[in-house]
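Visitor: Please show me the structure, and let us then go through it by question and answer.

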Amino acid sequence: MQRRTFLQQLGALGLLGACPAILPQHLAAAPSMVSVKQLPKLKGELTLYLGRGEGGLYENVLDAIKKRNPDFDLKIRRGPTAALANAIVAEAQANVRRAEVFWAVDSGAIGLLTDKGLAQPLPEDLTSQLRPEFRFPNWAPVTGRIRTLAYNTERLKASDIPDSILALAESDLSIAWAPAYASFQSFVTAMRLLIGEQKTINWLKAMNKRAKKYAGELGVVLAAERGEVDLGLANHYYTLRLKSGKPDATVDLAFTNNDAGCLVNASGILALKQSDTAINFIRYLLTTEVQSYLASEAYEIPLIGDLAPPAGLPALQTISPPKVDLTQLANLRPTLNMMRKAGVL
Amino acid sequence: MQKVFSQVKSVIGTFSLIAILSSSMVSAGGEVGDHVNHLSDNLNKYSEEVSWLIKKVDGIVTRYELDGIKAANAKAVIDHWEAVDFHAAIESNYVPVYALIWQGLYGVKESIDNNSGKEAVRAEQRKLEQVLWQALGAVKLAAQFQDRGLLQKVALREGGPTNSLETIDEIQARLNRVVAKFAEKLNKESIDIVHDTYLSLFEGIEGDLISMNAELVEQLEKDFNVTLPLGLKGNSSVKQIQDIVNDMQKKLSIAKELLAKKESNKKEVF
């Protein structure tokens with residue numbers, strides 16, 4: 001499988017209008033890492049809209065922040081990420097701004113709000129903590145996850161697996177996927193943006209003939225591990241977590257090369273009001289401590305400095321994800337229409 | 001009655017007596033009222049409603065015996081049940097009995113619609129009456145626990161679980177609702193609850209769980225995605241569905257123990 005590195009692509013990344021913070025001079029400079037010990041104490045009240053996910057690990061982070069800042073009154077509204085994003089838009093239309101900060105489990109929901117002009121600019125000293133490819137002017141990715149091919153190690157060798165997501169449809173491999181799953185739909189959206197609708201529909205149709213559907217992506221990985229299929233399309237952390245609980249699991253990760261099959265997506269946070277408390281709160285999520293915690297406990301990929309990825313995942317620099325403006329993944333409607341047209345949904 | 005009481009106590013012991021209702025949750029009889037958080041104040045009303053309902057059903061059965069199917073208008077059995085507040089009181093407090101009530105209601109209705117013999121219809125009527133009294137007993141006991149602050153308040157608006165242990169509680173409550181909706185013959189709604197529960201709740205905790213007990217997660221994955229949906233789509237009885245859900249509840253209790261253990265040894269963020 002061919003590999004290219006992020007660095008090989010970054011020269012072109014500066015051309016992306018949606019990523020104005022990505023400039024060549026950032027390439028050489030390693031982003032600085034900030035410890036919680038360097039941050040000011042949080043004071044006063046802040047209302048956070050929190051997208052549900054990660055089984056409470058985000059809540060553990062919030063609890064830790066509250067414990068460290070006794071004069072900080074954090075009010076949290078929880079719900080599905082997409083529903084909260086819609087609520088924020090509706091509130092804005094009614095000229096109400098209840099939420100001051102929005103922490104979303106996927107960048108698509110972030111895109112919905114940045115497109116509406118609801119996200120406030122973030123200071124450059126904050127965004128510059130992130131790796132260059134994850135710097136955006138008005139939202140901050142918190143942690144990343146990468147699309148992978150989880151394959152059964154008794155049925156396949158890594159070299160048997162195509163390094164192109166398009167080639168997968170032409171292979172004779174049996175495949176598991178979860179088309180109703182949000183991460184899968186983001187991946188198809190990325191493919192649509194990268195190669196266009198018609199090619200994506202053709203791919204979906206071809207894949208649909210050989211793919212077995214599952215409700216979620218852990219189910220996909222389990223199916224690959226049990227040998228029900230040769231491989232499955234899923235976010236990386238399911239395989240890592242399975243191997244953590246079942247070290248002899250017969251499954252491993254492979255990556256495609258520079259296409260939507262190895263898209264790096266991210267959870268993200270944005271400020272809906274200009275306030276020092278909101279900005280400083282976001283700084284806490286980008287500290288070495290929080291990023292390391294989410295990497296070790298949730299198997300998510302840290303996006304600041306040179307923190308190591310979760311155990312079992314190669315360094316991001318050795319994988320070649322495609323160049324996609326993550327905020328554009330919000331536009332799901334054409335994707336869902338395409339998936340229906342292809343008979344996948 | 002004693003059996004129901006001991007079941008209720010057992011359920012209270014595992015902190016899952018109350019089926020927590022989310023914002024979108026509406027009882028078959030309409031919006032769940034706040035009366036479910038003031039059970040003691042409403043016990044007389046509930047008792048009167050049960051008596052009224054029993055009388056109404058008896059009237060339907062009697063008309064059937066005298067004048068036949070059309071005159072009986074057996075569908076009214078369901079309408080009468082949906083009209084009473086007691087409906088929400090039992091639905092939000094003890095779903096297993098709630099499901100049995102629906103079985104009883106349909107037992108009467110269908111025995112009439114199928115032109116069954118008088119004895120058979122009366123037998124169904126007696127079963128329904130028995131379960132209604134059991135349900136009233138369960139609500140009375142729940143009222144005592146509520147008065148002593150031992151019951152979680154029924155949420156009338158969306159809050160959402162804040163950690164993995166609360167997530168398990170909500171999953172268990174929703175599975176009880178699956179049985180209830182299936183008993184109401186709302187098969188599609190029950191299947192939707194299963195899918196939504198899997199995607200919006202179980203999916204969020206299974207990552208943590210699988211690193212502790214992969215086999216347990218594999219079994220629950222199959223339960224959520226194969227066993228239970230297939231049962232709901234097929235010609236299963238309420239008891240068969242209840243058995244599947246009971247089995248899942250046991251696994252979820254094991255999952256909760258694992259997550260609680262992890263929570264007590266959790267790594268500090270800072």
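Guide: Two residues are in contact if their C-beta atoms, placed from the backbone, lie within 7 Å. This is a predicted model, in which local features need pLDDT of at least 70 and side-chain atom pairs count only at pLDDT 80 or more, while totals for chains, interfaces and linings use all residues. Residues are numbered from 1 along each chain as its sequence is written, and chains are lettered from A and ligands numbered from 1 in the order in which they are written.

Visitor: Which residues does A:Phe102 touch, not counting residues up to four places away in sequence?

Guide: Residues up to four places away in sequence are left out of this list. The partners of A:Phe102 are then A:Tyr49, A:Leu84, A:Ile88, A:Leu113, A:Ile269, A:Leu270 and A:Leu272.

Visitor: How are α8(A) and α9(A) oriented where they pack?

Guide: Helices are DSSP runs (H or I, at least four residues), numbered from the N terminus. Axes are lines fitted to C-alpha atoms over the stretch in contact, with angles from 0 to 180 degrees between N-to-C directions. Helix α8 (residues 182-195) of chain A and helix α9 (residues 197-210) of chain A have axes 7 Å apart, at an angle of about 135°. Angles under 35 degrees count as roughly parallel, over 145 as roughly antiparallel, 65 to 115 as roughly perpendicular and the rest as oblique, so α8(A) is to α9(A) oblique.

Visitor: Which residues of α9(A) make this contact?

Guide: From α8(A) come A:Val188, A:Met191, A:Arg192 and A:Ile195. Their counterparts in α9(A) are A:Glu197, A:Lys199 and A:Thr200.

Visitor: Which helix supplies the largest share of the side of chain B that touches chain A?

Guide: The contact between the chains takes 31 residues from chain A and 28 residues from chain B. On the side of chain B, α8 (164-183), α9 (187-210) and α10 (214-233) each supply at least two residues. The largest share, 11 residues, comes from α9(B).
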